[in-house]
Amino acid sequence: MLAEYVLLDLVRNPRRTLSTMVGVILGVGLFCGVLFFVDGLSASMTQRAVAPLPIDMQRLVTEPIGGAITLVQRFDPPGSVPADGRARVALEIRNTSDVAANEVTVRSLPGDALHFVAGSAEVGGQAVTGFDDNPFAHGPGSVGLNIGTVGSGATVPVTYIDEGTAGVELTDAMVQTSFSSRESVSPVPANQASTVPLNDLAAQISQVSGVAHAAQLSLADLGSDTLSSGGRPVRGPVKIFGFDARYAERDSTIELVSGAVERDQAVISAEAAQAMEAGIGDTVTVTLPDATRIDVVVGGVADLSRARSLFASRRGSDLEAFVYSRNSIIVPPEVFAGTIMPAYERAATTRGERLKNPPVREVDITVERGLLDSDPGTAAAQTGRIAADVSAVATQQDFLLDNISNTLTVAAADARVAKQLFVFLGVPGGLLAAMLAAYAGTVLADAQRREQATLRIRGASRRHLLHMLTLRTAAMTASGSLIGLGLGYGVAIVILGPESMLRASSASIATSALLSSVGGFLATGLALYLTGRRSIDREINDDRARLARRVPLWRRAGLDIVGLAAAIAGTLIAVALNAFDGAAGSVYFGRAVQLNVGLLVLPVAVWVTGALLAARLIGAGLSGSKPQSTGTIGSPLVSLYRLSIGRRPWAIGNGVVVVSLIVALATCLAAFTSSYDAAKSRDARYATGSDIRVTPGPTAQRRYEAGDAAIFRTDGVTGASPVIYGIRNVILRSARTSDPANLAAVDPATYATIAPVRDGDFASGDALAAMHTLRDDPTTVMVSTQMAVFLKAHPGDTLHVLLARGTGEQIEADFRIAGLFERLPGFPDGADALMSIDGYAAHVPSKTPDFFLAATDSPDDAGLRRAMSSLEAGPAAADHLQIETRSSTLARDQSSLAALNIAGLVALDSTFALGMAAVAIAIFVFGLLLQRRREYVTLRAQGLEPHTIRRLIAAEASTVAIGGTVAGVLVGAAMGYYFVAVLRPLFVLVPAYHLPARGVVEPVGLVILATVIVTWFASRLVNRLDPTELLRDE
Amino acid sequence: MSGAAIVVRDLVVDYAGVGGTVRALHCPALSVKRGESLAVTGPSGCGKSTLLGLLAGLAVPTQGTVMVDDETISALSDRDRVRFRRRALGMVYQSDNLLPHLTVEENVGLQLAICLGARIAHPDGLRPDPAALLHRLGLAELAGRLPDELSGGQRQRVAVARAVIHRPAVILADEPTGALDANNAQVVIDLLSDVQREIGATLVMVTHDPHLASQLDRIFELAKPVAATEDAGAR
């Protein structure tokens, strides 16, 4: 009976039902949308995180050069200690390599169960004399016995006797035996399994479940002038690689310019081909470390300038740094194994010293990325299992670099931070939903009071009314939550795309759906129920009396003042504890973003208390006018407006709170997005060095000089600046020490204007002065503070700089340290020293710029596109130029939390916020209509023209709209500032706070538009009210 | 200017109900002279309030004509009916319908402002004085109070003041004492009658109370409409 009544009530009052449900729909929709957004985004985080990885896993072979030596250990007799208590330990050292092993040292230590018998040791059948104890545990740290050289193909027997308890079983573990040599200083245990050849290792690993590909890669550094063709050598160091065609096919950064990767033929880098004037079919000669030479026919020419898998550093000190070598040659893996490695072995054994840069031999592994879970944490567990399986293949002969698991572990941590962040960004939406529902509920309750009174007169008890309220609330919130659920999912699909949502696991989607719909149902339902219950508990006449003077609970409790004080105190504490500082995250550095998520409470506190305080101030301002009673009324419109807002300001105040909260959220999100985009763009521009970076490709037809910068000054480009730069391209030597370093040589005059150089980058605090110093005195150099500390060098000191390191032109010159810098734009791998390009050219005249930086005439994306178009149509059309922009740098930064689709989330939040703003205005205006319809029809009956009543409604709605938007913009600006401060670790550079005009105009414009439209509709409804009925009612 | 302030002919009001057309009012003829006071009585649902709404121009009949103060208001446009109300009508309801955020004098003054805003001046050329009227009605002490601070009887007296401040030609009262006790009811009726006589207005008052009806010049018994149902009265 009651349920039927409630259902009819809802169906027959569609406007009232809908206006209440819209708040629920939007609120639940927003909360669902945020959670679904997080699901969809998390689903793509695995793909995003692993996308930039050049190699998923690397099995690095630790087999030493000249290491084809084995040590076999056995007991004679085997089994157990004989009855006489003596067991012979028989060792055998075999050298199966082509070269001798020098200074072979044997170490053998019996365990607790056995004891060395003095004088029992023999080497090569000869007794070892001169030792009172175990000669194989002799020396500091029990280093063992040096048995001298073991020649190629030789076998050396070593024996000694141990004593033990008769009958005790003998195992290998009872004696710890190993050997080392001059060529292999790391001890190699006895009885180690034979080394699996690299090609077999790759084949075995490729069979491991979850491994897509496994291919061998060998690489080694050859010296300068080791590659030539027709008597024309390349200048500078040469790098030699060994891999096959399949490896090249799978790595898209290995770009064959001509020819192919053929068996028994070589591929050379485009730069080497150019230097040697060699082409396909020509023969090139490679001088190997042992001074032997091999001739190979060129089968292809490749652009390797972006081949990260080949040139990523394998050294622990600068792991993954891109150390590019212009002169490279690729030979088949069989050639590397059969010819290059023996040459290194010979070199290592004949020169009598350890090779400084031994060849690197590895199996590069690509996992089945498509099978990885969309969640980075789960995916990390998957790759961890794959890594364990890969390590189990031919164990102990190498070690595994598990790049993908490291990356995914960081991404998983990022994902956790992202979820916390996004939930916080979604929380205001949820709060707004509950508030909007409560606001709608208040209005609805006012409208239903008369109906409730009638029902009471007809015998309905309070219990009946509460039962009906429960049913009505449940029906509306359940329906609204379901619709909101669909809306949220739809919006998430629109913003993220269906692929992302389909990638998300069903379990996470279901969990989000359940959480948000139940949460939304409870939050909005509770808000509706409480307002309705308060209405039932209040006497009608009491309510009428209170209507004009009602002061909200929050104001009476002073919640705004308390909240503001708490926000200020929280801010001061956070500043004192440096809580706003965090650490930027990077997969490359294996570090997740360190956000102080707890601080996100502050912007939310500023938001709520700011809006309440604004409402208090506006309410106080309106009531402060204290209209005096007078019988002389001037303009009815002005008088009615003035008296209405002056004597019942909290009706306006309530509307202001709602509108200001919504506008504040929209403004805050706009400010945050704008600041975020601007900061990321600045970060990207800083990393690029300017708006555009032009790098002459390896196959460029012309040789670009520093003076050619003007070539790149095309339409939309204001200027270009040449830069010489390289990783470890110089050696800096101070009076105390020296170190390889990254030197940048720039044109100080143009670099200062083209690159975003900042005063703060220099210790002197004056970037321009620093550039002038370099320009005016080419014998000066600027050094990074970090390098200066290492070198123990100071401004004014002389620095010896080995320029063009490792090339035929390397030369040492003295420079005076003119100053220090922290960091410089354009060198994401870091610059340790900076000098003028003239100063560099004075010593190395043949060196050409490595790249040019170019600035656009307009900072926006359109200006960048125009400049790119003109460059592509101009210089890049005529020659092979690699062009990077700040946009491409930004797009490539996909590996950390900073790359998350915050813009998408903000778009989602803003869309709902603007929708809620319109609904809030509508609720306010229609609420006025419901609450004051008797007033309006009375005025009509008194002869007030309908258009005057319309203006009166519009004036009050406008007051709410203007007050709400002004307060909202101010509060939103402050809230946005807090958001940017809390999310500071997302940025490399300190982000500048930016409040875009559009971000203010949009919500304000929408609120005003909503006010106009809703007022127009509302005033039409006033005309349709039945005065005869309303005026006789009581 | 004719002798009749109100002339009604063949007045019918129908509306669409759930079961078909419902007749809310049928008034074949009614004429009220200027300065006359008329009590409209009749059973519930006979259309008394509907008739008053038609006389006030707040609704239009389905058929028939309504002429008030020489204006055929049933034929007027919405805008002209508003002007007509401002010029010629004063209304008192069972509920006082005072604006809750306006004081007593402001409620009264607003009515005057609405009329003066339309440049409607009293025939004697003098601007009516709300303070004087409130004094005349014994409300001077309450001038600065909000309606919520008054008793029911006081509020209804203020409603009377508001209805007559602009000296209308016709005063329409819809059970103005329905929510009052007998004493207050008599006070209000006396007040209304006095003022009506004082300004020479025509008074039409709907009432169920035979005693009050008997105090007016004439009683008009409105019959239940032929085609009407009980629903009409409940409308």
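Buried residues account for 55% of the 1034 residues of chain A. Keep in mind as you look around that this is a predicted model.

**The two chains**

Chain A holds 29 helices and 33 strands, while chain B has 8 helices and 9 strands. Here are the two chains side by side.

| Chain | Residues buried | Radius of gyration | Box filled by C-alpha atoms |
|---|---|---|---|
| Chain A | 55% of 1034 residues | 39 Å | roughly 130 × 80 × 50 Å |
| Chain B | 56% of 235 residues | 18 Å | roughly 50 × 40 × 35 Å |

What does the radius of gyration say about chain B? The globule rule gives 18 Å for 235 residues, and chain B comes close to that with 18 Å, so chain B is as compact as a globular protein of that length. For chain A, a compact globule of 1034 residues would have a radius of gyration near 31 Å, but the chain has 39 Å.

Contacts along the sequence are worth a look too. In chain A, 80% of the contacts between residues at least 6 apart in sequence join residues at least 24 apart. In chain B, residues 24 or more positions apart make up 74% of the contacts with a separation of 6 or more.

**Two helices that meet**

Two packed helices are described by the angle between their axes and the distance between the axes. In chain A, helix α1 (residues 2–12) packs with helix α10 (residues 462–496) at an angle of about 55°, and their axes are 9 Å apart. α1(A) and α10(A) are therefore oblique to each other, and α1(A) passes α10(A) in a right-handed crossing. Residues making the contact include Leu2(A), Val6(A) and Leu10(A) from α1(A), and Met468(A), Leu471(A) and Arg472(A) from α10(A). The residues of this contact divide into 9 nonpolar, 2 polar and 2 charged.

Most residues other than glycine have a negative phi, and most peptide bonds are trans. Where can you find exceptions in chain A?

- The peptide bond from Asp76(A) to Pro77(A) is cis, with omega near 0°. Pro77(A) sits in the loop between β2 (69–76) and β3 (86–95) of chain A.
- Ala291(A) is not a glycine, yet its phi is positive, near 75°. Its place is the loop between β18 (283–287) and β19 (293–303) of chain A, and Ala291(A) is exposed, with a relative accessible area of 59%.
- Lys792(A) also is not a glycine and has a positive phi of about 55°. Lys792(A) lies in the loop between α21 (785–791) and β29 (798–803) of chain A, and at 47% relative accessibility it counts as partly exposed.

Conventions:
Residues numbered from 1 in each chain as written. Chains lettered and ligands numbered in written order. Predicted model: local features only at pLDDT ≥ 70, side-chain atom pairs only at ≥ 80, totals over all residues. Heavy atoms only, no water. Axes fitted to C-alpha atoms, helices over the stretch in contact; angles between N-to-C directions. Helix = DSSP H or I, 4+ residues; strand = E, 2+ residues; numbered from the N terminus. Parallel < 35°, antiparallel > 145°, perpendicular 65-115°, else oblique. Left-handed = near helix turned anticlockwise from the far one by under 90°. Contact = heavy atoms within 4.5 Å. Nonpolar A, V, L, I, M, F, W, Y, C, P; charged D, E, K, R; others polar. Rg over C-alpha atoms; globule rule 2.2 N^0.38 Å. Buried < 20%, exposed > 50% of the residue type's maximum accessible area, 1.4 Å probe, protein only.
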